[in-house]
Amino acid sequence: MHYFFQRFVFSLLSLFILTLITFLLSQVVPGDPAIVAAGPNAGAEKIELLRSEMGLDKPLTQQFLIYLEKLAQGDLGKSWFTHQPILEDLIRELPPSLELVIIAMIINLMISLPLGLCSARYNDTKFDSSVRLFAMIGAGLPIFWTALILQNVIGGELQLLPIAGRLSFEYRTFEGYTGFFLLDGLILGRLDVFFDALKHLILPAFSLSLLFTAVGLRITRTAMISEFQKDYVLLARTKAASEPRIMFKHVFPNGAPPSLTVFGMQFGWMLGATVLVEEIYGRPGIGRYAVKAVTQSDIHAVVAVVLVVGIVFLLANLVVDLLLYLLNPRGRVDK
Amino acid sequence: MKIFNLLASAFTALSVSLAIPFTATADVAGTLIIAENETPENLDPANATNSTVNQLLVGVYDALVQFKAGETSVSPQLATDWQVSDDGLQYTFNIRNDVKFHDGSSMTSADVVFTLDRLQAASAAVLNDMGPFKSAEAIDDYTVKMTLEAPFGPFISALSRIYIVSKAQVEPHMSDDNGRGWLAVNAAGSGPYSVTTYKPTEVVTLNAFEGYWGGWDGDHVAEVVFRYIAEPSTQLALLKSGEVHIAPDITVQDKLSLMNADGFRVDIGAAATPLYFQFNTSSDGLVGDASFRKMLAQTFDRKLHLDYVLQGFGTMPDGPLPPDWMGHSTGTELPFNMAAAKELVDQNGWAGSTLKVRYLPAIEEEQAAVEQLQSNLSQLGIKLEAEGMTWPAQAATVQDLATTSDINMIYNFPSFPDPHAILNTSFNSQNTGYNGGYNWAQYSNSEVDALLNQAASSADQNERATLYAKAQQMIGAEYPVITVSLPGSVVAMSSAVKGYRYSVAHHQTFNYMDISVD
């Protein structure tokens, strides 16, 4: 328990530092939100007035303290441009992105874990070489390029999957409870919505996952190869244990930890990369929201997005640590 | 706990739909789907200077007067007629007595006064172009008097962007932000369409308002849908698959290829949005010298730009005003002439100097123009450093003379079709960058100011035309800008779309209230 408490405090500290850095960076980046808010031909007087209304005339330290004080009360502030509480904006934008990342992560795990394990088992065979080739191609393809090609071929030419959007046109006014349309479809018993949302997720999720899958595959393969070379595998083989038993019962659980750590981090990275596919597939999401906030110099919204992505990153890692801890009882003693 | 309360309220807000449910109107049918690359910031009429916001509001709200799509003169909308006092300081409007807002309340002069009071209290961007507007008061239920601090010729035109809100609907939500938070996600208009879904990063739907005072004669759609699609190739794919009817943001090459394709149409609107290279005329450096600017003024090939970058979609610029506008004066800017420029460089020993241009690299047209200028200047031995920026960053640099670069690229988006909206914005010293305006050439000439001010205060169109022509000649003689282009507003659409017309007074919007889909 002590270990997890320590981790928790560490996470909070990282978040604080992250907030501080983002806040400072957003001030250093040139651009004056008051000019944007004032509109065309506003005049210096009006810009000045808005600057003071927005609190931008206060010293930076004071701005940061005010921000922290509100943050401690769970208030992320108001966006200067949507005029809505940023928390509400994020509650709308985060679910579509998380949904995308979760599906991309599932694709990633479903490909890289079994393929990595098998490719390690049949190390240096033709099978292994072709897997490595796949990984190399996957790692080399830029996300936006894959997304465009898949969209044009599978969505446009072959019309097998939708070109863009989160749901088909007939569901344009659909409102769920959670904003996760897959989940909302299930909660409301609307299987049509569930499958429609899933259809719209396949191409973007696959495009997003490809690069990460390639990395996950390589890491898993390497970890498993070194596991296959350990003495206990030799012992098991001499004891005539079946090969599947060796692979799944012994090698896999022992070799999984390094991959799991990477997958945990990948979750956060993916969330940061969603903007590439969101723009192409016309999906709402935190990536597009962040880009808009940056181009408008909406400082508080930018800081909030970084904070939220940071929290998701830390949570994903916390979950992985917990899994590792549960997977490996020895850890409890080691710590 | 606060977070949970907020979460709960956010969920409620999300699940409540925005306006009255749509009831089918007999002769109004079908759906028009429009793709748009920018997401709207909010729905607030205070922010209607922003075209992505304005394109939603233009059929949701009415103004006292309006420019119909395709027209350059103003027509009555909520006002029936008006009188101007002899001194030009008082405008008295008679307004319609048969107008219902979407919430069912009737419009009276109290709504008009409330609208203007709120905009003033909220320091609304949309008031920036209202000149010396001072106040509005209700004379009786259907008469409104507006007072100006000085005479302002284009006042009636400027009112076309002032959308009247329902006082009954907005007043309870004024809170401490003058209703900005509420109007950002709710609408309170009297226009032909009401907002039914507002998911600002995904989709916005508008439905025909059955009780619209203007009636529903002619062909209209029952529903208008805006889909937010950033990627040009995605817009194209959706246009081709029939999932959107209008795709304004596809690439110029794709627009060209659609011109001859079956089932599609490409409309080229005569836009009036000049793109400039603005030279920092107040600089202590070389660009502060008019003879140096005379050399620069001859180093950009507008024809090449029009033919290759715009693929012919646009008007060859002849000074900042569109050539067919009132008061246009021809030949005020020097033509492209590298030999003449070279001679000036040689005479003055300017070779070896370095200049800096700031621009928005996200806009392809600006990128291409910068590259041409860079290449031409390098032939003259002048190095042009290009610094790409975001809009807020570039705008911040011109707030101070010391940080204004030698050259800035900027579009002028006039908010109504009047020479004032272009010339005063770009060349009056009241509007220099350091005064918070869009005259990023920091150009200041008291005689030009006097001409522009006199033209703005006059209501006599002939007098105004003469004054503007004179102002353009004086400006031209000091070479503060190169007008790079007058790009056309090129919109690709399905040939099922009937009735689309470009609206010069509402650039980058669609007259969806007059469009039908076969």
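Among contacts in chain A between residues at least 6 apart in sequence, what percentage join residues at least 24 apart? The figure is 72%. Keep in mind as you look around that this is a predicted model.

**Chain A overall**
- Chain A has 14 helices and 0 strands, so if you read along its sequence you'll meet one α after another: α-α-α-α-α-α-α-α-α-α-α-α-α-α.
- Chain A runs to 335 residues, and 44% of them count as buried.

**A helix to look at in chain A**
- Take helix H10 of chain A, residues 231–238: it's hardly covered, with 0 of its 8 residues counted as buried.
- After H10(A) comes Ala240(A), which has a positive phi, near 60°.

**Where chain B meets chain A**
- On the chain B side, 53 residues are in contact with 53 residues of chain A.
- Several elements of chain B each supply at least two residues of the side that touches chain A, among them helix H6 (180–185), helix H7 (232–240) and helix H13 (391–397).
- Strands of chain B do their bit as well: E8 (193–199), E9 (203–208) and E10 (223–228) each supply at least two residues there.
- The top contributor to that side is H1(B), which gives 9 residues; this helix covers residues 2–15 of chain B.
- Sorted by class, the side of chain B that touches chain A has 23 nonpolar, 20 polar and 10 charged residues.

Methods: Residues numbered from 1 in each chain as written. Chains lettered and ligands numbered in written order. Predicted model: local features only at pLDDT ≥ 70, side-chain atom pairs only at ≥ 80, totals over all residues. Helix = DSSP H or I, 4+ residues; strand = E, 2+ residues; numbered from the N terminus. Buried ≥ 20, exposed ≤ 12 C-beta atoms within 10 Å, placed from the backbone. Contact = placed C-beta atoms within 7 Å. Nonpolar A, V, L, I, M, F, W, Y, C, P; charged D, E, K, R; others polar.
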